[in-house]
Amino acid sequence: MTMATLTAAKKGVAGRIDYDSWEKRASNLSKELDEEDEKEKEVAASALGLDGKHARSQAEAEEKAKAEEMQKAKRRLEAYEKREQGVTETLSGLLGSVGDDDNTAQVEEKHQEIKYITRESIGAGKRVLTVADTKGPGKIILTQDLSNLESRSAANTSLTPKSYEDDAENKEEMHEATVHRGIIKLNLRNLHQCTVVVKCKIITGTVEISHCEDVTLILEGDDATAATIQADLCSNLDIQFHDAPSGKNVPLRVRDTNSGPTTTLFWGQDQNDRIYHAGVSNLRVRTFRDGFVDLDTTSDYKKNGAKAVGNAAAEEVQFVTSVIDDELITERVLKPGDSKDIKQGARPMTERELRELEKKKSQIEDALDEKLKDLIQLKDKNGDSVVAKDAEKKDVEEEEVIEEVYASATKEEIEAIISSVEDQKAKGNEAFTSGEYAQAVLLYTMALDEAARLPDASNVTEKLNMSVVSEPLEQLFPRHVILSNRSACFLKLGHHEKALKDGFDAEILNPAYVKGVFRKGLALHAMGKYREAIDALAKAQKVEPKNKQIKQALQFAEIRFQQEMRKRMET
């Protein structure tokens, strides 16, 4: 719009200028000029990096990235809390209000009330149970009826495992929804002077306890699996395991009877069965077998040496109690920065475990160097082989290119593959611990697939094809451990033939690895082949004669074999 346009404003009545029209046109022109100025400023700011869309320095870029990550983490946390709230049933004041000011005499005279929690106590769709804000004396019992609650988890269709011999239907199984029975998790919060008895299945095997005083937690029976307990800011806490199964228990069902599952692995017999605690005074942990105390220990965060450091209070120091060499031991958990970049999956680490992992890492490196020593080829820059004598002491001219070669892979490539296999295996272990057995099968299979890239793969395949148990095969990575773990998953899923094959393959690769032989025996037992199961379990017991789990499984197999023989004689 130009000034000529303005002066061409139409005339009004009696030849007068229509000033209203002129003012409107002038206003529009001014607005257009302002908009053009703003656009020019935006272009200039963008060119100079002053528009806020681009960082003006590396420090600002890093701060911006951190802020974005914090926002994403906050949104994820809020979404998780929202989902958990949607499935959480909170039962408060079951035995009475915490605010009741009863004196000691009144408490002793007060009726010992018993409250039973069944499926009727849980709302529709609620699977995380929180028992909170109540004061006894009394007893709260989570009945076995809660084990009949069903939860469905959709299959991850984005993950498609490869097909392997005898595992052809894995793909279809991964794409089916998984049904889990029991409550997902148990939370105990702000309980006083009471006993909580857990007889039901806990899918994740997780119990969280906080701000409780004078509380006894009893886990009893074949269903009551609590692999991981986290206790915070409690006093006078008594945790008891009465024939309670381990998180990696594989129950054996007695065939042709109405008996339920029988426990083959009790709490504490697996290294992942743990009680984490921080700020807990006067903690007592006991395991019972057949009504008698098997293991017993006490702990107190102050007596264990917890001290305030900087802004962290003594109550924030984390400890873990677990079974080590048939004894309940309490250890201090390392802070993330103290682990020297050594990882063992998602599980927190203790000083003892760090030393063991450092030793294991050193042994693996030494074994790898020893394995490669006689197979190293030295090449010059033209790719021709050269003879090396005292290579470590020989000075090599800069223009010569010397590289270590193991078959078709360098040492660095081998270490990268091993690291990838270890990562998949660790993820599989985490999935197994969470009860996601089908997912764990997939991850273990991916680990084996990755291990197939190692240069010793042909030796492993040849050994397995021979199907003969002989001397252990030297491997760059212990595949028999992964096969044994996958066998445990197949047992959990009821795929006994696959469990048998993985257990047998693990035994072929390393007959001394008792878990592979043991799971082979469990698979044979589940298939009703009791005579063969006895042979396998007896072999496992010969390797570990003090293993209670193997001993009990062998007794079950012998009983079932005798029952089967009697039936044959009667007919």
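**Exercise 1. In which strand is the place of Val-215, and is Val-215 buried or exposed?**

Let's work through this predicted model together.

Step 1: Look up the strand. Val-215 sits in β9, which covers residues 213-220.

Step 2: Check the accessibility. Buried means under 20% relative accessible area; Val-215 has 1% relative accessibility, so Val-215 counts as buried.

Step 3: List the contacts. Leaving out residues up to four places away in sequence, Val-215 touches Leu-191, His-192, Gln-193, Cys-194, Asn-236, Leu-237 and Asp-238.

Step 4: Leu-191 is 24 residues from Val-215 in sequence, with 6.9 Å between their C-alpha atoms.

**Exercise 2. Find how the axes of helix α7 and helix α8 cross, and describe their contact.**

Step 1: Take the geometry. The axes of α7 (residues 411-433) and α8 (residues 437-451) come within 8 Å and cross at roughly 170°.

Step 2: Classify the angle. Angles over 145 degrees count as roughly antiparallel, so α7 is roughly antiparallel to α8.

Step 3: Inspect the contact. Its residues include Ile-417, Val-421 and Phe-432 of α7 and Leu-443, Tyr-444 and Met-446 of α8. By class, the contact of α7 with α8 divides into 11 nonpolar, five polar and three charged residues.

**Exercise 3. Now do likewise for helix α10 and helix α11: at what angle do they pack?**

Step 1: α10 (residues 479-493) and α11 (residues 496-509) pack at about 160°, with their axes 8 Å apart.

Step 2: This makes α10 roughly antiparallel to α11, and their crossing is left-handed.

Step 3: Among the contact residues are Arg-479, Leu-483 and Phe-490 of α10 and Lys-498, Asp-502 and Leu-509 of α11. The contact of α10 with α11 has six nonpolar, five polar and five charged residues.

How values were computed. Residues are numbered from 1 along each chain as its sequence is written. This is a predicted model: local features need pLDDT of at least 70, side-chain atom pairs count only at pLDDT 80 or more; totals for chains, interfaces and linings use all residues. Side-chain values use heavy atoms; hydrogens and water are left out. Axes are lines fitted to C-alpha atoms, for helices over the stretch in contact, and angles run from 0 to 180 degrees between N-to-C directions. Helices (H or I, at least four residues) and strands (E, at least two) are DSSP runs, numbered from the N terminus. Angles under 35 degrees count as roughly parallel, over 145 as roughly antiparallel, 65 to 115 as roughly perpendicular and the rest as oblique. Contact means heavy atoms within 4.5 Å. Ala, Val, Leu, Ile, Met, Phe, Trp, Tyr, Cys and Pro count as nonpolar, Asp, Glu, Lys and Arg as charged, and the others, Gly among them, as polar. Buried means under 20% relative accessible area, exposed over 50%, partly exposed in between (1.4 Å probe, protein chains only). A crossing is left-handed if the near helix is turned anticlockwise from the far one by less than a right angle, and right-handed if clockwise.
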